[in-house]
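Hi everyone, thanks for making time this morning. I'd like to walk you through some side-chain contacts, so please have a look at the model first.

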Amino acid sequence: MTGAAYDEIADWYETEFIPAQSAPDDPLGIHDALRELLGPGAGPCLEVGCGTGAYAGAVRRLGRTPVGVDLSAGMLRHAAGRLPVVRGDATRLPFADAAVPAVIAMMVHTDMPGYPAVLREVRRVLAPGGVFVHVGVHPCFCGAFADRSDPAVTVIRPGYRERGFSRDSWTSRGVRDKVGAMHFPLAELLGAFVAAGLTADGFAEGGGPTPITFSVRAR
């Protein structure tokens, strides 16, 4: 298995990036979306692209048992103390068909050029009656085309409709300028859910004044 881009920034991500994103007031609405769309339950909850395991505690507070998979050994080194983890490719999840009652993907779809294939794998491993929650950066207001340097105003430049990978960023304090990020226009992102056989039945937006996160619950 090859190395992952996040291996080189794992320590920075753990000590600087995630603490800044995890303020008590949940400025991006990530924890609110997880509570609203996933909700309380029991049994294992697989986090695809778990990174350092930053959301394991939130999953446990909902009564569920977090389990993580990620390609980056560097990130998993931090995650191992927070939840059971396995190193693996999200487009080939190391889990049996219909094996888990809940799956989440937290702020990772822009890290995965093959996210449509990841969604097909999520559908494969999801147990009948199970739930999948996607929490990601908002495709309409976040990307190389969006300048958010002024907290009060988001400037949208041409480029929203262009699916692709970029390192262009309005800030040097984020992930995009370090490892790059994929952009999927909203219609293409939601179309990938449909193509994977997932049926969306809940949505949420978070952050502001212009939304920063877009979340989907599907079954």
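Let me start with a question for you: is Arg92 buried or exposed? Arg92 is exposed, because its relative accessible area is 59%, and the cut-off for that label is over 50%. Do keep in mind that this is a predicted model.

Arg92 has a partner, too: its side chain meets that of Asp89 in a salt bridge, at 3.4 Å from N to O. Asp89 counts as partly exposed, at 22% relative accessibility.

How many salt bridges does the structure hold? The count is 11. One of them, between Glu14 and Arg82, brings the closest N and O atoms to 2.6 Å. This pair links distant parts of the chain, 68 residues apart: Glu14 sits in helix H1, and Arg82 in the loop between helix H4 and strand E3. Glu14 is buried at 17%, whereas Arg82 is partly exposed at 30%.

Now compare Asp32 and Arg35, whose salt bridge spans 2.3 Å from N to O. Both belong to helix H2, 3 residues apart, or about one turn of the helix. Asp32 is partly exposed at 39%, and Arg35 is partly exposed at 48%.

Finally, the aromatics. There are 6 aromatic pairs. Among them is Tyr13 with Phe17, a tilted pair with 5.3 Å between centres and 35° between planes. Both residues lie in helix H1, 4 residues apart, and both are buried. Together with Tyr6 and Trp12, Tyr13 and Phe17 form one aromatic cluster.

Key:
Residues numbered from 1 in each chain as written. Predicted model: local features only at pLDDT ≥ 70, side-chain atom pairs only at ≥ 80, totals over all residues. Heavy atoms only, no water. Phe/Tyr/Trp six-rings, centres within 6.5 Å; stacked < 30°, edge-to-face > 60°. Helix = DSSP H or I, 4+ residues; strand = E, 2+ residues; numbered from the N terminus. Buried < 20%, exposed > 50% of the residue type's maximum accessible area, 1.4 Å probe, protein only. Salt bridge = Lys/Arg side-chain N within 4 Å of Asp/Glu carboxyl O.
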